[in-house]
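Open the model in your viewer and keep the selection tool ready. The tour moves from a helix pair to a sheet and then to a loop.

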Amino acid sequence: MKNSILEVKNITKEVNSPEGVLTIIKNINLSIGSGDVVSIVGPSGSGKTTLLAIMAGLDLPTKGSINLLGSKITTLNEDKRSQIRGKDVGFVFQSFHLLPRLSALDNVMLPLEISGSEHAQEKAKDALARVGLEKRVQHFPNQLSGGEKQRVAIARAMVNNPKILFADEPTGNLDKSSSKAVSELLFSVNQSMDTTLIIVTHDLILADQCNTLHELAEGELIC
Amino acid sequence: MLKGFNHGLRKFWSDLTSGDLLILAFSIVLAVTAISGVSFLGDRLKSSIKQQASVVLAADLSFRSASDLGAQYLELAATQSLGVAETVSFLSMVIANEDNLLSSIKATTPSYPLRGKLVITDFNGQVIEHAGSPKRGYLWVEPKLVEQLGLEQNNEMAIGKATFIVEGILQDFPDRNVGFLAFSPTVIANINDLDVMGVIQTGSRVVYRNLFSGSENNIDEFLENIEPVPAEIRVQKIDGIGDQLGRTLDRSTRFFNLAGLFTIIIAAISSMIAARRYADRHLLNTSLMKVFGASKNFIVASQVTQLILMILIATSVGLFFGYLLQSILIGVLKDLLDAELPSASFKPIGIAFLTSFCLVFGAASPYLKLLGEAEPIRILRNDFQFKLKNNLAIYAVALFTLVVFLLLLFEDIFLVSSIMGAMIILASVLYVIGSLMVYLLSFFQSSSGIGWKLGLKNIVHRRSESVLQIVVFGLSLMFLMVLAETRTGLIDSWKETLSEDTPNYFFFNIQDYELPEIKAYLDQELDSATVFTPLIRGRLLSVQPKEGGLMKSGEMIDRESNLTWYDAIPDNNQVVEGSWWTDDAGSQMEVSIDSGIAASMGLSIGDQLNFAAGGTNFTAIVSNFREVTWESFAPNFFFVLSPELGRDLPQSFITSVKIPTDNNQVSKGFVERFPTVTSVDLNAALQQVRSIIGSASLAVQYIFILALIAGILTLIASVFSSADQRKKESAILHTLGAKRSKIFQSAAAEFLVLGLLSGFTAVFAATLFSGFLSTQVFDLNYKPNIFVLGLGFTVGVLSISIAGTLAIRKTIYTSPVVTLRNS
């Protein structure tokens, strides 16, 4: 049995809306082991992205607790959670979220600079080379294709050798061939670095390639 | 097109409340608050100062002539709803209690004065009810006459062939005499008594004045109707009432204009930034509308409708705040100003709406054009960026519109064109300096942590935006510094010209043999070395230009003039052309002339002037022109002769001294001891000038404070606008593990460095610009005011840094999930 890297216990998220209190996710329990590749699927509005954000410590649940990498992040303040994210967590988003005024290299260097890592430039160049963009280091996001942008985002996510990588619809904005390349890249990160991979997706082909699949419906985990 | 208008109307409220239009609306509210505040206050203060200055003429317009003006102008003015009055002034001996005194008789109509107040008391000091002239057969006299002739209530006094009853004491009156009438105490009589006096004969020296009052437009219209005014009539308006007040009015009006101009330019810059944000936020909407089949016209019509509605609402709100702001300031100012404040006019309302339209459409039209033209797919693919390089023509049109608007508004071609020209040059210089600074920054490696590193990197990575921000912040700061420096220079110069040491007494008609005794008396009583100036009564007969010929007519020719002679150039005089005579050239027969008079007579250095004085005729060669500080209240002369010419001419002496106002004994003792010397008490005239200048100084202070508040608010708003784009970056950094403190630090570092770069460029530009304005517009000497520049720099840098970090603060505390989802 693998060591548990993420424990989600009785998580509920409620928000206020003009119609009253809205429950986004209800009573979720999950346990994810080190090196696992987990997909979370479900229809739009089922609470997938909210669950991902809470698991990553980007948002806090209304009820329940999260234990990420041995830290109970639901009791930590924002700065402590940031510290964990900066050191051990990587992110890949559907719309890439690259900083438009930074080159590919500078975008990848960001997490290293935030954590104060040495030899940031070399490490970032190396990460870009691993995603096949060694010739695009000085390109700016608007000079890259969608698939290339997502590869830069993956390089940025893995440059710190994170223990866990969260990907929110990583192929949602890409064509078929780019989707395939990005999926392969994510799985290769998992293989080569033993990084736990949690993917929120609509893409059932991608979901099926994962070891574990969870499905959300109306905020509840149905499998 | 009509569909576009309807769509714009339907979507207006939701767009306004969703924030897209709100940002632009907020910038307009702020701009209008600032502009209308300055405008409302400036307008009221200008009117108040003009009203005070009108007192010097006792009217808004005066016709002055040495011959009877008749009734034609008064009748015409009355038909044009102008207030009218008439005065006739001359010198005459008055006799009372078997004593006599040369007095200035002013015969007036009951409607006199049209501006200012007459204060008449009885001999017990009780103010008495009166019209603008005494009843026929009665007189009002100045206290000096009461004192010197030992007058009592209802004493008889003879003027010419008629005898009058002294009814009251003339404590104060508006149009204090200047020129030959100034040296004698004033008596006011009824104009209908002139004939019975029988003192005005052919050749008598008389000043006839027709006085008019009314709105500026009515006065101008009246003048237009009667033009050309005959050459022998001197037309005096409040803007041309002599050097001191004229310049005070001119300078304070120019300062108000400058403050208004700067406020509008800063508001324009802020609106440009807001317009860009508005366009950025409208990109997606526009592209979707295009996808759904909206034409370019539909989009433009919809946007224009929304902008017009927004302008109407935002301008009204801004006007309300602007009025409120000036009301608060007026409340404070009311007790300090020595004048009634007229109520606010409607002019600022028109200005505010016009400004809003110009600002919004000037700033937004390039973006509206681009929004209309952009291909929707590029916007939807997030592949569209505003590039205004190709739309320089539109910006040039917007700038041209702004210049035309400012010209119409301020009616000061020199001020507007020089400021706009200087601003364009300075903006270009600032752009180059900013680019260089940002370029140099890219070589700077910070070792003080990731916050600083990221902050500096942000500036370098956003190179073009950073440079633009440096230009914008730098220009705004520069305007505030320039305004502060100009205000300080202006007020200091006023203080200097009317300092406590300004002479308040003239003594003249002093003969050679009296000089030692009088000097000893004054030196001892006033504890200072009194300086005496020779006074020669003379007449300029003709001018022989260097090129030949003879000029026998002109303003100064054949008029009695006061001449003097000096060895060395006197204080308050500066040679502007030619050179002052030296000992070596002592044998030369030379004359030095006031540069203004020289220009009006068309004189050149080397021309020969023929004078008559003391029974002899002589010729003098023009050797230099002088600029004279007429407001110094020291004896000043149009013509100064070289010692060789003047020394031996028959002459008396004149001096001006400062006698403490609380010490009547000195002047009283002087008059008793030297009865043949004529003394002129300038205290009342000086007080009149001082009160106007005091009000102008106070007004300048308050306008400056208001413009400063407006400027700082607009600057802060610009900083807040630019912080908006950092939201997403901040959220990404947060997601990647950056602590809030680091993000905060990076924003603080970025704004601090931007503030420092803007501050440095502003100090540099302000020094150049203030120098230009002081010397070319305000006629002041310029020396950089280190305190003002230093304070401006510190306040500017702090405002930008604090406002910037505060603006980003909200973002830092917003969940990154929310920001990233919304983006």
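Start in chain B: select B:Leu415, B:Ser418, B:Ala422, B:Leu426, B:Leu430, B:Ile433, B:Gly434 and B:Met437 in α12(B), which meet B:Leu757, B:Thr761, B:Ala765, B:Phe769, B:Phe772, B:Gln776 and B:Val777 in α21(B). Contact here means C-beta atoms, placed from the backbone, within 7 Å. The residues of this contact divide into 11 nonpolar, 4 polar and no charged. Nonpolar covers Ala, Val, Leu, Ile, Met, Phe, Trp, Tyr, Cys and Pro; charged covers Asp, Glu, Lys and Arg; the others, Gly among them, are polar.

This is a predicted model: local features need pLDDT of at least 70, side-chain atom pairs count only at pLDDT 80 or more, and totals for chains, interfaces and linings use all residues. Residues are numbered from 1 along each chain as its sequence is written, while chains are lettered from A and ligands numbered from 1 in the order in which they are written.

Now show both helices whole: α12 (413-441) and α21 (740-777) of chain B pack at about 155°, axes 10 Å apart. They are therefore roughly antiparallel (angles over 145 degrees).

Go to chain A. Select the open sheet of 6 strands, in the order β6-β7-β8-β3-β9-β10, with mixed pairing. Its edge strands are β6 (89-92) and β10 (220-221), each pairing on one side only. Pairing takes at least two DSSP bridges. β9(A), residues 212-217, and β10(A) pair antiparallel over 2 bridges. Pick A:Ala217; opposite stands A:Glu220.

Finish at A:Asp194, in the loop between α6 (176-193) and β8 (196-200) of chain A. Is A:Asp194 buried or exposed? A:Asp194 is exposed, with 11 other C-beta atoms within 10 Å (exposed means 12 or fewer).

How values were computed
Helix = DSSP H or I, 4+ residues; strand = E, 2+ residues; numbered from the N terminus. Buried ≥ 20, exposed ≤ 12 C-beta atoms within 10 Å, placed from the backbone. Axes fitted to C-alpha atoms, helices over the stretch in contact; angles between N-to-C directions. Parallel < 35°, antiparallel > 145°, perpendicular 65-115°, else oblique. Contact = placed C-beta atoms within 7 Å.
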